[in-house]
Amino acid sequence: MRRAAALSCLLTSRPSLITFDCTGTLFQPSAPVGALYKRAVVAEGWKVGLAAAAIAEALDEEMLCNAFASAYAAADAARPCFGAGMCTSEEWWRPVVHSTIINAAHGSASEVQPLIAGAFDTLFRETFVSQSGWALCPHAREALEAITEWRRQDSEPDVMLGVISNWDDRLPLLLRRLGIAHHFDMIVTSHELGIEKPSAGIFDRARALAGVATGARCVHVGDSFKRDVVGAATAGKGWEAVHVCSEEERARVSPELLMTAEHLHFESLATLPEWLGASAGAGRN
């Protein structure tokens with residue numbers, strides 16, 4: 001709905017808080033989820049023997065992707081926010097992994113069953129909390145470094161930087177392993193609060209944790225229009241939304257939905273520091 005020129009007037013003052021979504025904004029899967037699941041099952045198969053490995057190799061990655069989507073949706077409906085207040089994230093994810101693999105295996109479900117426990121440990125404790133399963137989005141590291149340097153221009157920086165993400169309690173570990181955790185003053189997850197985007201409550205909590213006054217200028221950056229843009233735009237006075245996605249991805253958002261929330265659109269994070277005045281050598285606004 002709005003591009004940089006339309007909201008350039010907002011640059012007359014620094015934001016008190018800048019928050020980022022994670023998945024799809026700061027990092028993305030290193031491979032399709034079906035490929036990552038299959039890799040874990042195949043590794044377990046080779047521990048057992050050639051026959052088990054052959055059965056695991058026969059798993060179809062697309063079927064694993066589809067089975068994962070169904071299992072995830074069912075678990076989210078039954079126990080939202082990765083089981084916040086009801087179970088640990090590990091207890092939440094275990095049946096998701098089990099259902100994904102079993103439902104994708106079909107006729108070989110009984111042969112694959114003994115491999116699931118080991119595959120789950122790999123996926124939960126290694127793949128999805130490391131660079132094995134995730135890669136930084138283009139320009140994410142450079143944008144964060146530019147913004148961090150911009151904040152350092154004052155002896156007492158007045159801009160807080162944080163994360164607001166529909167994620168579980170492993171997110172801080174993943175951000176450390178991706179080498180970007182040190183940029184953030186706080187990490188707010190849906191599992192921690194039992195609230196998820198686009199609820200205004202999670203944005204309110206982030207502002208409170210940052211010690212930012214109600215109504216102060218806050219900017220949230222994310223790739224999901226429904227969760228990030230609509231969430232920030234309706235979170236209350238002071239919040240602004242920046243939608244970061246390619247033109248192709250943006251074209252998938254209906255024109256009617258685009259008109260529902262005031263926002264800015266950038267095709268990549270590379271534009272964000274420049275808009276903030278945080279590009280190399282930029283001074284304070």
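These legends describe close-up views of a predicted model. Local features need pLDDT of at least 70, side-chain atom pairs count only at pLDDT 80 or more, and totals for chains, interfaces and linings use all residues. Residues are numbered from 1 along each chain as its sequence is written, and side-chain values use heavy atoms, with hydrogens and water left out.

View A. Helices (H or I, at least four residues) and strands (E, at least two) are DSSP runs, numbered from the N terminus. Five of the five residues of S6 are buried (under 20% relative accessible area; exposed is over 50%, partly exposed in between; 1.4 Å probe, protein chains only). In a regular strand, side chains alternate between the two faces of the sheet. Cys218, His220 and Gly222 are buried on one side of S6, Val219 and Val221 on the other. Strands pair if DSSP finds at least two bridges between them. S1 (residues 17-20) runs parallel to S6, joined by four bridges. Thr19 stands opposite His220. S7 also pairs with S6 in the parallel sense, over five bridges. There, Trp239 is the bridge partner of Cys218.

**View B. Helix H12 between two strands.** S6, H12 and S7 form a right-handed β-α-β unit: with the strands pointing away from the viewer, the path from the first strand over the helix to the second runs clockwise. Which residues of H12 (residues 225-233) are buried? They are Phe225, Asp228, Val229, Gly231 and Ala232. Their cover includes helix H11 (200-210), strand S6 (218-222), strand S7 (239-244) and helix H14 (255-258), judged by contact (heavy atoms within 4.5 Å). At the start of H12, a side-chain oxygen of Ser224 comes within 3.1 Å of the backbone nitrogen of Arg227.

**View C. Two positive phi values.** Most residues other than glycine have a negative phi. Phe82, in helix H4, has a positive phi near 55°. Buried or exposed? Phe82 counts as buried because its relative accessibility is 7%. His106 also has a positive phi, about 55°. His106 sits in the loop between H5 and helix H6 (109-112). With a relative accessible area of 54%, His106 is exposed.

**View D. A cis peptide bond.** Most peptide bonds are trans. Lys197 and Pro198 are joined by a cis bond, with omega about 15°. Pro198 lies in the loop between helix H10 (190-193) and H11.

Notes. Polar contact = N/O pair within 3.5 Å; in protein donor to acceptor, adjacent residues only side chain to side chain.
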